[in-house]
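Work through the exercises below with the sequence and the structure open.

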Amino acid sequence: MMNDTNDIFNAEFSRQYDASSERLKDISNNLHALLSLLLRDLPAEAKVLCVGVGTGTEIVRLAKQHPEWHFTGVDPSPDMLAVCAEKLEREGLSGRCELIVGHVKDVPEQDEFDAALCLLVAHFIQHPQRGGIYQHIGDRLKPVGQLIAAEIAGDMADPDFDGQLRNWVALQQAYTQRQRDIAEVKAELNQRLLLLPPRQTETLLREAGFASVTPFFQSLLIHGWHAVKSSGGRE
């Protein structure tokens with residue numbers, strides 16, 4: 001079951017989201033550069049589903065590179081989608097985009113997509129099975145459709161996790177110029193997110209009917225996978 005995150009992604013936060021994300025821009029730029037590489041063989045008029053689309057950064061980047069692609073963005077926060085809609089209008093992309101307030105299950109299954117993106121979303125779902133999000137995405141992909149997923153991941157029970165967390169905190173401090181206590185950050189992670197070990201996410205993807213699951217990205221706690229739906233769907 002997905003948390004109701006609208007208390008986090010309210011109007012004030014949504015308006016500041018892009019500016020606050022600047023602290024991760026180097027990581028984000030690298031990740032988005034790889035998206036185009038991995039999706040290079042999609043059809044010329046591909047349909048792409050963006051899960052937890054937020055303010056629409058990935059749509060804007062991909063739409064500029066692929067002028068015939070069409071996008072459907074879904075997000076439970078109407079405030080985030082309002083910012084997204086303004087951005088798409090400003091960039092002249094509204095005609096190729098549909099925005100849906102809700103979750104993946106609210107996207108009609110008959111809208112078969114060539115690819116889906118789920119970027120920095122799943123860790124907000126505080127359920128060890130991720131509330132079936134990967135199954136819902138798979139149900140909306142064509143056979144051999146592609147999913148690119150990225151999330152904050154890690155085994156918080158692992159003795160080595162605190163070492164990983166120290167580097168994550170150092171990144172935050174470098175961009176915000178604000179000292180952060182590791183115990184405080186760990187408590188925040190426990191309160192707001194559910195970090196799964198990367199191998200557990202890979203298992204969930206395979207159980208959802210993705211025949212190929214390949215890690216392609218890691219930057220500190222952010223992990224990324226490229227998955228391809230099996231030709232026959234879930235077993």
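**Exercise 1. A residue in a strand**

Does Val228 count as buried, partly exposed or exposed?

Solution. The model is a predicted one, and the values below are computed from it.

Step 1. Val228 belongs to strand β7.

Step 2. The relative accessibility of Val228 is 22%. Buried means under 20% and exposed means over 50%, so Val228 counts as partly exposed.

Step 3. With neighbours within four places in sequence set aside, Val228 contacts Val144, Gly145, Gln146, Phe210, Ala211 and Ser212.

Step 4. Pro143 lies 85 residues from Val228 along the chain, yet their C-alpha atoms are separated by 8.5 Å.

**Exercise 2. Confidence along the chain**

Decide which parts of the model call for caution.

Solution. Step 1. Start with the whole chain: the average pLDDT is 88, and 89% of the residues score at least 70.

Step 1. Where pLDDT is low, predicted coordinates should not be read in detail.

**Exercise 3. Reading the sheet**

Solution. Step 1. The sheet is open and has seven strands, in the order β3-β2-β1-β4-β5-β7-β6, with mixed pairing.

Step 1. The edge strands are β3 (97-101) and β6 (210-219), each of which pairs on one side only. On average, neighbouring strands of the sheet are turned by 15° against each other, direction ignored.

Step 2. Take the pairing of β2 (residues 70-75) with β3: it is parallel and has five bridges. Phe71 has Cys97 in β3 as its bridge partner.

Step 3. Helix α4 (residues 78-90) packs on the sheet and touches β2 and β3, its direction making about 170° with that of β3. Helix α8 (residues 198-207) also packs on the sheet, touching β5 (141-152), β6 and β7 (222-229), and its direction makes about 150° with that of β6.

Step 4. Strand β4 (residues 113-119) runs parallel to β5, and six bridges join the two. The partner of Leu117 in β5 is Ile148.

**Exercise 4. Aromatic rings**

How many aromatic pairs does a search of the whole structure find? Classify each pair.

Solution. Step 1. The search finds two.

Step 1. The ring centres of Trp69 and Phe71 are 6.4 Å apart and the planes stand at 50°. Planes under 30 degrees apart count as stacked and those over 60 as edge-to-face, so this pair is tilted.

Step 2. The pair of Phe216 and Phe217 is tilted too, with 6.2 Å centre to centre and 45° between the planes.

Step 3. Check burial. Trp69 is buried, at 2% relative accessible area, and Phe71 is buried at 2% relative accessibility. Phe216 and Phe217 are both buried.

Step 4. One further ring has a charge over it: the charged end of Lys47 sits over the ring of Phe113, 5.4 Å from its centre.

**Exercise 5. Positive phi**

Solution. Step 1. Most residues other than glycine have a negative phi.

Step 1. Val144 has a phi near 60° and lies in strand β5. In this strand nine of the twelve residues are buried, whereas Val144 counts as exposed at 52% relative accessibility.

Step 2. Leu220 has a positive phi of about 55° and is found in the loop between β6 and β7. At 32% relative accessibility, Leu220 counts as partly exposed.

**Exercise 6. A covered helix**

Which residues in helix α3 (residues 57-65) are buried, and what covers them?

Solution. Step 1. The buried residues of α3 are Glu58, Ile59, Val60, Leu62 and Ala63.

Step 1. Their cover includes helices α2 (25-38) and α4 and strands β1, β2, β3 and β4.

Notes: Residues numbered from 1 in each chain as written. Predicted model: local features only at pLDDT ≥ 70, side-chain atom pairs only at ≥ 80, totals over all residues. Heavy atoms only, no water. pLDDT = per-residue confidence, 0-100. Pairing = 2+ DSSP bridges. Helix = DSSP H or I, 4+ residues; strand = E, 2+ residues; numbered from the N terminus. Axes fitted to C-alpha atoms, helices over the stretch in contact; angles between N-to-C directions. Contact = heavy atoms within 4.5 Å. Phe/Tyr/Trp six-rings, centres within 6.5 Å; stacked < 30°, edge-to-face > 60°. Buried < 20%, exposed > 50% of the residue type's maximum accessible area, 1.4 Å probe, protein only. Lys NZ or Arg CZ within 6 Å of the ring centre and 35° of its normal.
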